[in-house]
Structure formats: C-alpha cells, structure tokens
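Subject: Structure handover

Hello,

Here is the structure I promised to pass on. Please open it alongside this message.

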Amino acid sequence: MSGRGPRGERGEQADKILAAARRSFATRGYAATSLRAVAVEAGVDPGLVHYYFRTKPGLLEAVMQPPVEFGAAVAAAAERPLHERGRAFVEANLRLWEDPASAEVLRAIILTAAQEPAAMQRLRQLFSELVLAVVSHSLPDAERTLRASLIATQIVGMVMNRYIWQVGDIASLSADAVTELLAPTIQRYLVDPLP
C-alpha cells in the first residue's frame, strides 16, 4: 500500500510537486506556470497537484513558506547577548544560505516574489514576522524598529549580492570572511547611537 499515509510516498510526491513549482515560479513566473506543467515536471499525476494544494494560489502559498530553520535561526540569534548579536545574525543567515536545501527554497521565494505581486506581499509579511519583529523585539530602546530595518538592509544586501546575483567579491569570499566584514556593521546598528 503506497501513497496513503501522511509521509512516505505521499510526502515524497508533495515534496516533488513543491520542488517543481519552486523552479517553475522562479524561472518562468507565476502567471506562466500551469498546475499541469508542474505535475509533468514533478513526474506525478496532475490530480495530485489539486489533491495536495487545491489551487494555484494554494500551491503558491506552500512555495512561499520558508524553511522552518529560517525563523528558528533568527530567533536563536536574537536571544544571544547583545554584544554577540551582530555576529550571530550574520552567521545564522550565512548558515542557511550555505546549506543547499535551505538556499534552494529561499532563492525560489525571492525570485518568485520578484515576479508576482501576491508572492511579494507574502514575502513582506513573512519578513516582517520572522525577521523585523523578532530582531526589534530583542532590542532595548525606542529606535528598535529602525535598528532592525537597518540590520535587514545589510543582511538582505549581502544575500542578494552573494547568493542571488552573485556579483562582486562578496560572492567569492568565504563565509568566515563575510562574517568578519559584516558583523561589526550589524553590531553598530544594534548598539551605537544613531545620527
């Protein structure tokens, strides 16, 4: 008996569908992707796409879910002592992006959001909940939301240049070198007086 349980073959089929949808949304765009094409690329019956995800917006919602490790990594970094937190934020993000499985999901989310307004709205919501709210909540002063936003500009900029566009020296530096260069700036945004 296969395909009936919550995991096993059934879970593998849903994972294949999600992987195919991520690739298609990221490269062809949401509008140009059909559920049938996703099924063909995943090597499954088209009915399974409907069964697992109901609709194309349902599939998009599933594609836009970041790895569980993403929120956990940011939250763990935010719990570090304040004097260690800048380094912790950089290291947490680098670990996620250096892991091929996490990076594939995160890259697909960013590329899909760049092409689809509904996906961009979902990405904003996720980023606000999983990053800005967590980072700002862990800071002590009235400028905490501004500080969290400044930190995000550095982290997102590093991610875009290193992992998405792969431009400049930042793309070829070791993760340790990136940490050494970026962590002091993040730390300044955490604790130094703002102009």
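Below are the findings, by topic.

This is a predicted model: local features need pLDDT of at least 70, side-chain atom pairs count only at pLDDT 80 or more, and totals for chains, interfaces and linings use all residues. Residues are numbered from 1 along each chain as its sequence is written, and side-chain values use heavy atoms, with hydrogens and water left out.

Helix H6

Helices are DSSP runs (H or I, at least four residues), numbered from the N terminus. H6 is largely enclosed by the rest of the structure, because 10 of its 14 residues are buried. Buried means under 20% relative accessible area, exposed over 50%, and partly exposed in between (1.4 Å probe, protein chains only). Among the buried residues of H6 are Arg 85, Phe 89, Asn 93 and Trp 97. Their cover includes H5 (68–78), H7 (100–115), H8 (117–137), H9 (144–164) and H10 (175–191).

Nonpolar cores

A nonpolar core is a set of buried Ala, Val, Leu, Ile, Met, Phe, Trp, Tyr and Cys residues joined through side-chain atoms within 4.5 Å. The largest has 31 residues. Phe 89, Val 90, Trp 97, Val 135, Ile 155, Met 158 and Ile 186 have the most contacts inside it. H5, H6, H7, H8, H9 and H10 each give two or more residues to this core. H9 gives the largest share, 8 residues. Apart from this core lies another, of 24 residues, among them Ile 17, Ala 20, Val 49 and Val 63.

Ile 186 is worth a look. Leaving aside neighbours within four places in sequence, Ile 186 is in contact (heavy atoms within 4.5 Å) with Gly 86, Phe 89, Val 90, Ile 151, Gln 154 and Ile 155.

Loops with positive phi

Two residues other than glycine come up here. Arg 54 has phi near 70 degrees. Arg 54 sits in the loop between H3 (46–53) and H4 (56–63), and is exposed, with a relative accessible area of 62%. Gln 166 has phi near 55 degrees. Gln 166 lies in the loop between H9 and H10, and is also exposed, at 55%.

Regards
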